Amino acid sequence: MKIGITCYPTYGGSGAVATELGIALAARGHEVHFITYQQPFRLPNFLPRIFFHEVDVGRYPLFEYPPYDLALAVRMHEVVRAHELDVLHCHYALPHATSAWIAREMLRDKGDDVQVVTTLHGTDITIVGQDPSFHAITKFSIERSDFVTAVSEYLRRETMAAFGCTGCNVEVIHNFVDPAVYDRTAHPPALSWLVPRGRKVIMHVSNMRPVKRVRDVVRTFAKVTAEVPSVLFMVGDGPERVDAEQEARALGVERQVHFLGKLEAVAPLLAGADLFLLPSASESFGLSALEALSSGVPVVASRAGGLAEVVRDGETGALCDVGDVDGMATASIAILRDPERWRAMSEAAAADARERFTLEKVVARYEALYERAIASR
Ligand code: GMT
């Protein structure tokens with residue numbers, strides 16, 4: 001099959017999923033065309049059967065806001081025609097699904113066609129899509145997609161509730177990990193030089209937007225390290241990083257908290273972690289939690305959105321209410337203090353990630369969906 005993939009190419013879960021899906025599809029013999037404004041951050045420079053088509057918005061003094069959605073629609077239309085694509089797979093509804101609808105209308109105008117598959121990732125529904133400025137166009141774009149998927153059952157329900165969405169049938173296809181990459185036995189220790197002997201390693205990975213509640217990460221860590229001496233690695237960057245740094249200073253733990261910035265490869269770091277914290281206010285899935293679990297790292301997280309579909313409370317980690325820093329600290333201490341319990345959770349986490357979210361199984365579901373889409377033309 002020939003698949004076009006559009007995503008946000010910068011640091012974020014939806015771009016990571018879209019890119020890894022494209023790489024996996026190409027490895028299975030399909031031709032994959034990424035259509036976006038920048039090379040996706042997890043895409044290496046060259047791989048067989050993978051093409052990257054840059055969208056150039058151009059600049060014109062009249063346009064205070066360059067119309068990216070239209071430039072994207074034109075580029076999609078062009079690439080579908082030039083490479084005879086079967087499917088356009090849009091990751092994140094806005095504006096990608098809208099641009100794909102325009103591209104498909106332009107194709108139909110000339111007697112051509114393409115199938116549009118839209119994968120909803122979370123904030124496209126829970127935040128952006130519910131903004132009155134975007135609600136109607138998000139609903140329209142979802143309903144006009146040929147097939148719609150959501151990355152969790154939670155997000156499917158949210159979509160139905162927010163949009164009514166009578167004209168569409170949202171199918172749940174969970175996110176996935178490559179168990180060969182997210183494997184704690186596959187990487188040499190990367191951070192041990194920063195970890196004083198005997199300390200546990202706690203990690204958080206995110207784009208540090210308000211929804212991630214990074215202050216809660218630091219607050220939880222401060223309580224944990226008072227009982228079980230630890231270090232905290234904060235991976236990623238974003239608007240709340242400064243607040244988290246300030247919180248670490250206020251709590252007197254700044255020398256034990258390392259901000260590592262945006263790193264492309266987190267698997268080697270996760271391989272040396274003892275615990276992962278994700279106290280988000282909302283999370284449609286929590287890809288970073290899954291990457292940690294696959295790496296054998298128990299996850300202590302908030303019971304928000306789709307996280308309860310990813311983390312098995314008491315088996316592969318612990319779930320607490322949003323903002324319950326005391327609960328998260330107590331759960332973390334209980335896991336870190338008991339080596340037998342930690343080992344059992346670490347093994348259960350890696351096994352469960354491989355059983356339920358392995359790349360092979362999930363990519364096969366997308367392949368089957370594309371086949372259905374093509375057959376329905
Ligand atoms: O979480 C983010 O800030 C990034 C965002 C995105 O769109 O890239 O992540 C969303 O999609 C990920 C991949 O499907 C999910 O794992 C995240 O849970 C989801 N984020 C939220 O729902 C807040």
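Colleague: Helices are DSSP runs of H or I with at least four residues, and strands are DSSP runs of E with at least two, both numbered from the N terminus. With that settled, where is the place of Arg 213?

Modeller: In this predicted model, Arg 213 lies in the loop that runs between strand E8 (200-205) and helix H7 (214-227).

Colleague: Is Arg 213 buried or exposed?

Modeller: Arg 213 counts as buried because 26 other C-beta atoms lie within 10 Å, and the cut-off for burial is 20 or more.

Colleague: And what is its phi, for Arg 213?

Modeller: The phi of Arg 213 is near 50°, which is a positive value in a residue other than glycine. As background, most residues other than glycine have a negative phi, and most peptide bonds are trans.

Colleague: Which phi does Glu 84 have, and where is it found?

Modeller: Glu 84 has a positive phi of about 50°, although it is not a glycine, and it is found in the loop between helix H2 (68-83) and E4. Glu 84 is exposed, because it has 11 C-beta neighbours inside 10 Å and the limit for that class is 12 or fewer.

Colleague: Then what kind of peptide bond joins Leu 94 and Pro 95?

Modeller: The bond between Leu 94 and Pro 95 is cis, with an omega of about -10°, and Pro 95 has its place in the loop between strand E4 (87-91) and helix H3 (96-109).

Colleague: Changing topic: which residues are closest to the ligand?

Modeller: The ligand is surrounded by 20 residues, of which the closest are Gly 12, Gly 13, Ser 14, Gly 122 and Ser 284. By class, that shell is made up of six nonpolar, twelve polar and two charged residues.

Colleague: Where does the largest share of the shell come from?

Modeller: Helix H1 (residues 13-27) gives the largest share, with four residues. Taken by domain, the shell around the ligand draws at least three residues from each of domain 1 (2-176 + 358-375) and domain 2 (192-356).

Colleague: How many residues of each domain are in contact with the other?

Modeller: 18 residues of domain 1 are in contact with 13 residues of domain 2. On the side of domain 1 that touches domain 2, H1 and helix H6 (153-163) each supply at least two residues, and the residues of that side divide into seven nonpolar, nine polar and two charged. The centres of domain 1 and domain 2, taken over C-alpha atoms, are separated by 30 Å.

Colleague: What does the UniProt annotation cover?

Modeller: According to the unreviewed UniProt entry, the annotation "domain: Glycosyl transferase family" covers residues 196-350. Over those residues the chain is 42% helix and 19% strand, with the end C-alpha atoms 26 Å apart.

Colleague: One last thing: where is Lys 361 found?

Modeller: Lys 361 is found in helix H14 (residues 359-375), and its C-alpha atom is separated by 8.5 Å from that of Phe 176, which is 185 residues apart from it along the chain.

Notes: Residues numbered from 1 in each chain as written. Predicted model: local features only at pLDDT ≥ 70, side-chain atom pairs only at ≥ 80, totals over all residues. Near = placed C-beta within 6 Å. Nonpolar A, V, L, I, M, F, W, Y, C, P; charged D, E, K, R; others polar. Domains from an automatic or database assignment. UniProt positions renumbered as here; feature names shortened; annotations may be inferred. Contact = placed C-beta atoms within 7 Å.
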